[in-house]
Structure formats: C-alpha cells, structure tokens
Amino acid sequence: MTSLLLILSLAVPASCQGVDEARGKYDAGDFNGAATLYAKALERSPRDPVLHYDLGNALFKAGHLGQAIASYQRAFDIRPRDPDIRYNLGFALKRAGEELRPEGTPPALFALFTLLSERELAGLQWLLCWLALSLGCVYVLKPARREDLFSPVVVAAALWAATGLWWGSRWLLEPDERGVIVKPTAELRSGPGHNFGVSFTAPEGRRVQILSESAGWLEIGIPKEGAKGWLAADAVEKI
Amino acid sequence: MRAALTALLLWLPGSCWAQVTISAEVDKTDVALNDQIVLAVTVTGPQTSLPEPEIPSLPNFSIYSSGRNQNITFVNGSVSSSIIFTYVLEPRFVGKGVIPPIAVVYQGHRAQTSPIEIQVGRPGASAPTPTQQAPGPARANPIPAAPPQRAPAAAAPQPPPRERKAVVAGAPVFVQAVADKKTAFVNEQVTLTVRFYTSVNLLGNPQYIAPKTDGFLAEDLPPERHGNTVISNRTYYFSEIKTALFPAQAGRLGVGPATVRVQIQQNVNVDPFATDFFEKFFSQGLVSAVTRDLVSEPLSIAAQALPEADKPKDFSGAVGRFSIAAAVDRSSVKVGDAVGLTVTVGGVGNLKAIGDPRMPELPSWRVYDTVTSLNLEKKDDKVQGSKVFKTVLVPRVSGDLQVPAIGFSYFDPEKRAYVRAESLPLAVKVAPSPGAPAVPAGAPPAGAAPQGVTAVSQDIRYLKGAVSRPFSQLLEAVAGAGPVNAAPIFAFAFCLGLAQYRKAGSSDPAGARLRGAAKAAMGRIEESLKSGKPGKAAALMSDALTGYLADKLGQSASGLTLRRALELLGARRPPVDAALLEGVRELWSELDMRRFAPGAAGAGAKVAQALRGLIAQLEEELER
C-alpha cells in the first residue's frame with residue numbers, strides 16, 4: 001500500500017513538464033501561448049485536474065469562454081471539491097448565464113453530492129465492497145468470531161450500500177455525453193443541416209447534452225430550457 | 001411708448017443687499033480619519049450675481065472644491081437666487097476639528113456662518129451622525145427638488161372685469177399669438193410668439209399678462225423685439241415676446257389667450273347743444289382714457305407621446321439634440337486622493353428636464369454624490385446650454401484605472417428616433433498611498449483598525465500549483481481495476497459454499513467419515529514415506545489400511561481385525577470381488593509382518609504404491 005501511494009505521488013511531477021513555461025506566458029499576458037502549452041502538457045497527463053484548470057484560465061483570459069468552461073468542467077469532474085476549480089467554473093458559467101449549482105438545490109447538499117468525482121465514488125464503492133465482503137468471508141468461515149464481527153460487517157455493508165447508491169445516482173443524473181457550446185450565439189436547427197430552420201439560439205459557454213450525432217451535426221438538448229435542436233459539430237466541444 | 005412697454009416687460013432686479021444670506025452644512029460631524037465630509041455652503045440673495053464665500057484656512061482638513069449649483073427663481077418680476085458651493089473635506093488628524101465661520105462680503109457688507117465642530121476618529125471607529133446644519137440667518141434648499149420655473153400664468157393677478165375679446169388684425173390695436181408648430185412630442189420645444197400691434201397713441205403703459213399654459217413647462221426667450229410694420233396699409237408699431245413651451249404630457253394641450261391691457265385715448269363726448277355754457281366751454285379739446293384688455297386667440301397644441309419602441313433603458317426624458325463629455329481634474333493621483341469628475345451634457349432642448357446620466361460601475365472608486373449645475377442659454381429662440389454633473393471620485397486601489405465611457409440617451413424629434421451619445425473613457429494613474437497621515441503630538445495614535453473586506457472587482461482565480469492527491473489516485477486506480485473488482489464477490493461466494501459444506505459435514509459424521517476415508521488414508525501413506533524409518537512407516541501404512549477399512553465399514557479402527565474386515569466386506573451387497581478381498585488379506589498380512597517380525601525390512605515406496613492401488617480399487621468397488 002505504501003509503495004503504491006509513493007508511486008502515485010511520484011507520478012505528479014511528471015505532469016509539470018512545460019507548465020513553468022506556460023505559467024510564464026500566462027503571467028506575461030500571452031494567454032493563447034499559455035493555452036497551447038497547457039494543452040500539450042495535458043496530452044501527457046490527461047487526468048490532471050490542475051492542468052485542466054490552468055488551461056481553463058488561459059482560455060478564459062484569451063476570450064474563449066466556451067472552451068474555458070469545457071476545461072473547467074473537466075477539472076471539476078476530476079476534482080470537484082477543489083474550491084478554486086469550483087469558483088472559476090461558477091464564475092465562467094455566470095458569464096454564460098448559467099449557475100454551477102442547480103436552482104433550488106441547497107448549497108450544503110450540492111457540496112456534499114459533488115464532494116467526490118464519479119470515478120472516485122466508483123473506486124470508493126469498490127473498496128468498501130472489498131472490505132464488506134472480506135469481513136463477510138471471515139464472518140461466514142469463523143463461527144466462533146461472529147459475535148465480534150457482526151457490527152463491523154453491518155457497518156461496512158451499510159457504507160458500501162450508501163456509496164453504491166450515491167454512485168448510482170450520480171451515474172443516473174449525469175448525461176451520457178456532455179458538451180459546451182464554443183461558438184458565439186450558436187443557432188440550433190430543427191434538423192441536421194443548414195436547410196432546416198433555426199429553432200433557437202444558445203450563448204457561448206452553455207453546457208448541453210449530446211443526444212445523437214449525424215453527419216457532422218450533433219443533436220443537442222438543453223434541459224433547463226427544455227430545448228432540443230441540431231448544431232454543427234464544430235460548435236460544440238465535448239467534455 | 002417703447003420705453004414704457006420695455007419697462008413693463010423687463011424683469012427688474014431688486015437691489016436689497018440686506019437679504020443676502022449664507023449658511024453652511026456638512027453631511028456628517030463624526031467622521032473617520034480616512035473618510036470624507038461634504039460641506040455645502042449656500043449663498044442666497046435677491047439678485048442673480050452672488051459673491052463667492054470666503055473659505056477660511058482649514059489646517060485640520062484637506063479641502064477640494066466639488067462644484068457649484070445655482071438656482072434662480074423669477075416670480076412676478078422679482079428674482080431670487082441661491083448658489084450652493086460644495087466642497088469635499090478630508091480630515092488630516094484624529095481629534096476635534098473646527099470649520100471656522102465662512103463669510104460672504106458684498107458691497108462692504110459681511111455675513112457669515114457659525115463654526116461647525118467635526119469629531120475625527122480612527123479609521124473604522126466612526127459612526128455617521130445625521131446631517132447637522134450650522135445656524136444661519138437663512139437657508140435655501142441645498143439641492144432643489146425641481147428646477148425653478150416661471151410663475152404660472154394662473155397665479156398672475158386677475159384683471160378687473162373689462163372688455164375682453166379677441167381683436168382681429170386691422171384694428172388700431174390688437175394682439176396676436178402664434179405657435180411655430182401645432183404638433184410636437186412631449187418635451188419638444190414649441191415656440192409661442194405674442195405680438196402686440198398698435199397704430200394709435202396709448203395713454204399709460206400697457207400691461208402684458210401671459211397666457212395660461214397648463215400642461216407645458218414655459219421658458220421666456222428674451223430679448224423682446226420691437227419694430228414697425230405695415231398691415232393693410234396701416235403702419236403699426238409692434239412688440240414681440242417669445243416663450244418656449246415644452247409639453248409635459250401627451251394629449252391636446254391649450255394655450256390660453258395672451259392679454260395686453262392698454263389705455264386708449266378717446267375724445268370726450270360733449271353735447272354741442274348743451275344749455276350749460278361752462279360744460280361746453282371746458283370740454284373743448286379734452287380727451288378721456290379708456291382701458292381695454294386686448295386678447296389673442298387661444299391656441300391648441302397636439303402633444304405626442306414618445307415612442308416606446310427601442311426606448312433605451314437609461315433614457316431619462318431628454319428631447320432635443322445633445323452631446324456628452326467627461327473630464328477629470330487630475331490624471332495622476334494617489335490612493336485616497338480625490339479626483340473631480342465633470343460630466344457635461346450640452347445641446348438644444350429642455351435641459352431642466354433631463355436626469356443624471358447613468359454612471360457606469362466603478363468598483364475601483366469610491367463615488368460621492370453628484371452636484372448638478374445648469375447653464376441655460378436662449379439663443380436663436382432655442383433653449384439650449386449645458387447641464388454639468390460634478391462628482392468626486394476617490395480611488396480605492398492603485399494602478400492604471402479607467403473611468404469608462406458614460407452614455408446619455410435622448411430622443412431626437414427631427415430624426416424621430418432615440419440616439420445615444422457617449423463620452424470618451426478617461427484614464428487615471430493611481431499610485432499607492434504612502435500611508436496614513438502623520439498624527440499630531442498628544443493625539444491618540446491612529447492604529448491600524450481592522451478594515452472590512454471590500455470587493456473591488458471580480459475575476460477568475462489565479463493558476464494553481466501541482467497538487468498531490470494520492471487518495472484520489474488510489475480510488476481512481478481501484479475504479480479502473482475492472483474485472484478484478486469482482487474477485488471479492490467470488491471469494492465471498494466460495495466462503496459461503498465452504499461454510500455450507502462444513503455445516504453439512506458436522507450434521508452427518510458417519511457420512512463425513514465415509515467420504516473422508518480415502519483422503520485420510522492417503523495422508524497417512526504420505527506421512528509414512530516422510531518418516532524415514534521403515535518400521536514406523538510400516539506401522540503408519542498398516543494404520544492407513546486399518547483406518548480406511550474401519551471408516552468405510554463403520555467400525556472402530558482399534559478393534560477391527562482382518563477376519564472381521566473380510567467378513568464385513570464379503571457381506572456387502574453387491575459383494576466385493578474375491579480377488580480384491582485376497583489382495584486386502586495379503587497386504588494386511590504383509591504390513592503386519594513388516595511391522596512386527598524381528599529383522600523385517602519395514603515398508604517402503606513399493607509397499608506404499610501397492611497400498612495406494614489397493615485403496616483406489618476398494619474406492620471404486622465400494623462406490624458401486
């Protein structure tokens with residue numbers, strides 16, 4: 001276990017290659033240059049939330065609101081409890097007319113619900129599964145120790161069940177495929193092509209569900225407004 | 001005649017110096033060292049030209065002028081005005097400070113305010129108190145609620161009942177009123193021209209009574225014009241008065257008749273056949289004066305409402321043509337220094353009716369109240385001029401700050417559309433403040449009182465450094481393990497099966513003994529081979545065979561003999577093969593011999609192999 005943690009912690013500095021240069025460009029005001037370097041660093045460490053966050057900052061400062069929100073969202077998906085990631089994503093979403101916390105959701109509940117990423121929840125659920133079933137095995141095979149093991153087995157099983165429900169609800173609520181509109185005032189059409197009329201428009205930075213894809217066009221859903229339409233694929237960055 | 005009419009129509013200013021007064025007030029008397037006080041000095045008098053106050057030395061304060069606002073009122077020919085001079089004071093020291101009397105001197109006369117005491121506290125320790133006014137002889141409203149308007153015609157003294165009728169052109173004297181347009185937008189200027197024509201000598205001075213203009217805001221358009229003109233081959237002398245009318249509401253609005261009261265010369269009617277000689281004698285060549293009220297025809301103006309379509313959000317009612325300009329009095333200051341921002345809206349239109357331009361968000365500045373002054377010009381029969389909005393800005397932070405463009409929306413009646421004018425953005429370099437001002441000896445030190453957190457601007461947070469997240473990565477690694485995560489489920493299932501098996505064994509000991517006989521025997525054989533002593537090995541192998549047969553036959557191993565074992569095997573149904581029984585007999589005997597006979601070689605691998613084969617054959621035979 002110790003060696004595993006050591007290996008995992010040693011893996012972090014590897015993702016810092018080129019980051020210093022990107023930070024220098026950011027500080028100098030070359031936000032597009034910084035974004036390019038951050039994007040290259042992400043190719044080496046695609047699951048580094050800090051790189052996604054920094055890339056979001058560079059894109060935001062460069063004026064690419066939609067791409068910035070996509071990067072912040074990726075960082076948030078990996079490390080949702082980070083206060084800086086949460087703040088910047090919320091800040092950028094406000095520019096796009098959206099709120100990070102769904103309307104009517106108590107802040108404490110939202111903070112708790114998004115405390116762990118979906119992947120972390122899955123891992124925690126499996127760890128608790130291991131723990132509960134291991135204790136269960138001992139409980140089954142050692143009848144003499146059942147009295148001592150009963151409470152730990154029940155607690156472990158309850159934690160496993162709760163985490164499983166939490167993970168399951170997150171999995172159910174999160175759409176299968178998400179994206180962010182990256183073109184200013186995107187026009188959503190009633191079908192996959194320019195020959196279909198414009199049904200409505202959506203601002204840059206709005207998070208959308210991707211429902212289907214057809215010949216370079218994406219079928220988009222915006223649950224808040226109950227809107228649905230087709231958008232050219234290059235107008236949406238998938239998350 | 002001309003001089004007389006002019007004298008009537010001119011507003012004659014009074015010359016009563018004794019009515020000039022001065023008062024002063026501050027917005028608060030309890031102030032923190034880093035705060036500011038707004039001092040308003042009001043000079044009031046019965047003339048338009050008022051002297052400026054003499055601001056005394058104020059060693060305890062830094063003082064900045066923040067502009068002036070003049071309010072002029074004309075009522076029935078008398079004028080009164082007041083000027084509010086506004087200053088911003090910044091305390092320099094903690095403790096009690098005094099604003100000495102502020103005086104105004106005019107023509108050798110002096111008036112002054114009473115001193116005002118200011119309590120200066122440490123930053124963050126002051127509590128604002130209600131406005132206190134220094135006692136003074138008189139006080140004008142420091143910020144007029146509405147611009148001064150000419151007294152309405154309805155308030156004019158009503159003339160005594162006389163002949164009132166409109167006299168048509170061509171009569172010896174008559175009055176004519178015309179408007180330059182019959183339709184106008186709300187707040188658009190309509191010019192009303194009233195002309196008085198006379199072709200006869202008048203006795204006394206004519207009096208002009210302005211028409212009723214209910215529903216309009218009226219502005220005089222001086223000067224009066226005079227001249228001669230010929231109408232229907234008759235030469236008239238005329239006087240002309242113009243008034244700008246601004247419809248205050250939509251609908252059909254009426255302009256009442258303008259009235260000029262004149263005294264006309266009229267010969268005395270004398271009866272030439274009168275018997276009274278003296279009457280006839282003294283009335284020769286006498287004339288009498290007849291007073292007549294000459295009135296014009298009333299007018300009607302259709303006032304249109306301003307269009308609602310495309311009306312800007314910041315539209316405040318300005319109609320005409322305007323421009324906006326902004327300027328700061330200093331472009332390089334330190335944090336906490338005052339910067340005067342002057343916004344000037346100028347143009348043609350009813351400037352009195354326009355509201356303050358909407359200031360943009362200035363989070364980096366502390367913005368004080370706006371002081372407004374109005375400069376009206378009446379040129380070319382148009383009301384025009386400028387309205388000046390002065391504000392004091394105090395930078396909260398250092399850096400290259402900017403006052404963004406300030407917009408002003410108005411309705412252009414010629415274009416029949418709303419227009420937005422914008423000032424240019426202004427740049428101000430703000431240097432960091434060197435620190436709090438020095439504290440005089442004896443005064444309590446101005447300690448660093450805790451300051452509240454003030455949001456200056458909003459932006460995203462800065463880049464993050466690399467973070468170590470071993471727990472997250474561990475969880476993610478577990479989540480990514482895939483099918484491995486199913487192992488505990490299978491393990492648990494196996495444990496359940498095993499437990500069930502054990503449970504079944506404990507509930508049927510005979511069956512368990514029967515099923516475990518071969519395994520136990522094999523174990524003993526393996527043990528015998530590992531013992532390394534032939535005698536002991538032979539004993540263990542003999543025990544293996546005896547134990548196996550006892551387990552299979554449900555007998556005690558210690559009491560089982562060869563004979564009894566063969567009987568029981570032979571009694572089984574189906575019967576055990578005779579050759580196999582013979583094999584049992586031979587091996588049993590051989591093991592006994594190897595075990596007990598003196599000098600025996602003991603049992604080895606060969607015997608073990610034979611014993612395994614025999615047990616295997618018995619297993620098959622007994623399973624049938």
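Reader: Before we start, what should I know about the model and its numbering?

Author: The model is predicted, so local features need pLDDT of at least 70 and side-chain atom pairs count only at pLDDT 80 or more, while totals for chains, interfaces and linings use all residues. Residues are numbered from 1 along each chain as its sequence is written, and chains are lettered from A and ligands numbered from 1 in the order in which they are written.

Reader: Good. How many helices and strands are there in chain B?

Author: Helices (H or I, at least four residues) and strands (E, at least two) are DSSP runs, numbered from the N terminus. Chain B has 10 helices and 32 strands.

Reader: And how do I read burial there?

Author: A residue is buried if 20 or more other C-beta atoms lie within 10 Å of its own, exposed if 12 or fewer, and partly exposed in between, with C-beta atoms placed from the backbone. Of the 624 residues in chain B, 29% are buried. For a case in the other chain, take A:Ala157, which sits in helix α9 (residues 146–173) of chain A. A:Ala157 is partly exposed because 17 other C-beta atoms lie within 10 Å.

Reader: Which residues have the most contacts inside the largest nonpolar core?

Author: In soluble globular proteins, nonpolar side chains tend to be buried together. A nonpolar core here is a set of buried Ala, Val, Leu, Ile, Met, Phe, Trp, Tyr and Cys residues joined through C-beta atoms within 7 Å. The largest one has 86 residues, and B:Leu39, B:Val41, B:Val175, B:Ala177, B:Ile301 and B:Val343 have the most contacts inside it. A second, separate core has 43 residues, including A:Ala22, A:Ala58, A:Phe60 and A:Ala70.

Reader: Where do the two chains meet, and which helix of chain A gives the most?

Author: Two residues are in contact if their C-beta atoms, placed from the backbone, lie within 7 Å. The contact takes 34 residues from chain A and 24 residues from chain B. α8(A) gives the most to the side of chain A that touches chain B, with 15 residues. That side divides into 22 nonpolar, six polar and six charged residues; Ala, Val, Leu, Ile, Met, Phe, Trp, Tyr, Cys and Pro count as nonpolar, Asp, Glu, Lys and Arg as charged, and the others, Gly among them, as polar.

Reader: How does α8(A) lie against helix α3 of chain B?

Author: The axes of α8(A) and α3 (residues 470–479) of chain B come within 7 Å and cross at roughly 75 degrees. That makes the two helices roughly perpendicular; angles under 35 degrees count as roughly parallel, over 145 as roughly antiparallel, 65 to 115 as roughly perpendicular and the rest as oblique. Among the residues that meet are A:Trp126 and A:Leu127 in α8(A) and B:Leu475 and B:Val478 in α3(B).

Methods:
Axes fitted to C-alpha atoms, helices over the stretch in contact; angles between N-to-C directions.
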